[in-house]
Amino acid sequence: MLMLFAMTVGCGEDDKLQVMGRKIDTEKMPQLSTRNVSTLISDSGYTKYKVVTPLWNIYGAKTHGEQFWDFPEGVYLRQLDKDLQLVSTVAADSACYFPERKLWELYGDVEIDQKEKAYFLSQRIFFDDRQKLIYSDTFIHIKTPTQILEGVGFESNQDMTRYRVLNPTGMFPTKQLEPDAPGASSAGGTDSAFHTMPVSMRHQP
């Protein structure tokens with residue numbers, strides 16, 4: 001069925017778009033919106049990320065002060081080094097990217113997986129490509145082959161080979177959580193004696 005919409009555009013001070021008699025504030029609409037995206041993002045002459053997302057909105061700087069990309073339905077990233085080798089995979093419930101600042105903001109259940117090296121889980125993580133930093137200001141859970149680290153606040157270099165938890169709340173061996181370990185209920189459980197240990201959580205392979 002072919003459907004026709006009557007649309008008139010007026011250039012007034014309020015930048016409103018008339019659609020079927022209704023006014024829509026075009027400044028609050030994305031300049032570009034596309035679905036089911038799989039693309040590569042380059043930085044400083046080499047491919048930095050592969051991005052897969054169900055919805056990608058691009059907003060201009062006129063209303064928000066700077067251009068940004070919005071991924072409201074989640075995003076999946078493959079972070080690559082200069083040799084196009086996989087550094088980590090990243091999944092988040094939603095995300096924003098600010099091209100001028102080269103800053104990613106990842107929200108929701110944010111997971112960073114380095115396969116055999118380490119696994120990170122937080123509610124908010126930032127990728128700052130300008131300062132070459134990855135950080136979080138919320139609770140962070142890190143699992144390595146040998147230990148579990150937990151705390152609030154996290155900083156890492158860009159390749160995630162050196163990182164630290166700013167306010168540690170617990171550290172305990174990974175085998176503590178294996179199903180056959182006494183008192184272990186699941187892979188995500190904690191032992192209160194370890195959880196409250198005032199320990200340093202710096203990882204430098």
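Predicted model: local features only at pLDDT ≥ 70, side-chain atom pairs only at ≥ 80, totals over all residues.

Residues are numbered from 1 along each chain as its sequence is written, and side-chain values use heavy atoms, with hydrogens and water left out.

The chain has 205 residues, and 37% of them count as buried. Take the contacts, meaning heavy atoms within 4.5 Å, between residues at least 6 apart in sequence: 36% of those join residues at least 24 apart. The accessible surface is about 12200 Å², and carbon and sulfur atoms account for 53% of that. That area is from the Shrake-Rupley method with a 1.4 Å probe; for residues, only the protein chains shown count as cover.

Back to the rings. How many aromatic pairs does the structure hold? There are 13. The rule: rings of Phe, Tyr and Trp (its six-membered ring) pair if their centres lie within 6.5 Å, and planes under 30 degrees apart count as stacked, over 60 as edge-to-face and the rest as tilted. Tyr49 and Phe127 make one of these pairs, a tilted one, at 6.4 Å centre to centre and 55° between the planes. Tyr49 sits in strand S5 and Phe127 in strand S11, 78 residues apart, so this pair links distant parts of the chain.

Then look at Phe71 and Trp104. Their ring centres are 5.6 Å apart with the planes at 25°, so this pair is stacked. Phe71 is in strand S6 (residues 68–71) and Trp104 in strand S10, so parts that are 33 residues apart in sequence get tied together. Phe71 is buried, at a relative accessible area of 0%, and Trp104 counts as buried at 0% relative accessibility too.

One more ring before we move on. Arg101 lies over the face of Phe98, 4.5 Å from the ring centre. To count as a charge over a ring, NZ of Lys or CZ of Arg has to be within 6 Å of the ring centre and within 35 degrees of the ring normal.

On to salt bridges, which here means a side-chain nitrogen of Lys or Arg within 4 Å of a carboxyl oxygen of Asp or Glu. The count comes to six. Among them is Asp129 with Lys48, where the closest N and O atoms are 2.9 Å apart. That one also links distant parts of the chain: Asp129 is in the loop between S11 and S12, Lys48 is in strand S5 (residues 46–59), and they are 81 residues apart. Buried or exposed, this Asp129 and Lys48? Both are buried.

Arg124 and Asp137 also meet through their side chains in a salt bridge, 2.9 Å from N to O. Arg124 is in strand S11 and Asp137 in strand S12, so the bridge ties together parts 13 residues apart in sequence. Arg124 is partly exposed at 27% relative accessibility, and Asp137 is partly exposed with a relative accessible area of 44%. Another bridge joins Arg164 and Glu155, with the closest N and O atoms 3.2 Å apart. Arg164 counts as partly exposed at 31%, as does Glu155 at 35%.

Last stop, the loops. Leu84 has phi near 60°, a positive value in a residue other than glycine. Where does Leu84 lie? In the loop between strand S7 (75–80) and strand S8 (86–92), and Leu84 is exposed, with a relative accessible area of 52%. Lys132 also has phi near 60°, again positive and not a glycine. Lys132 is in the loop between strand S11 (119–128) and strand S12 (133–143), and it is partly exposed at 38% relative accessible area.

Methods. Buried < 20%, exposed > 50% of the residue type's maximum accessible area, 1.4 Å probe, protein only. Helix = DSSP H or I, 4+ residues; strand = E, 2+ residues; numbered from the N terminus.
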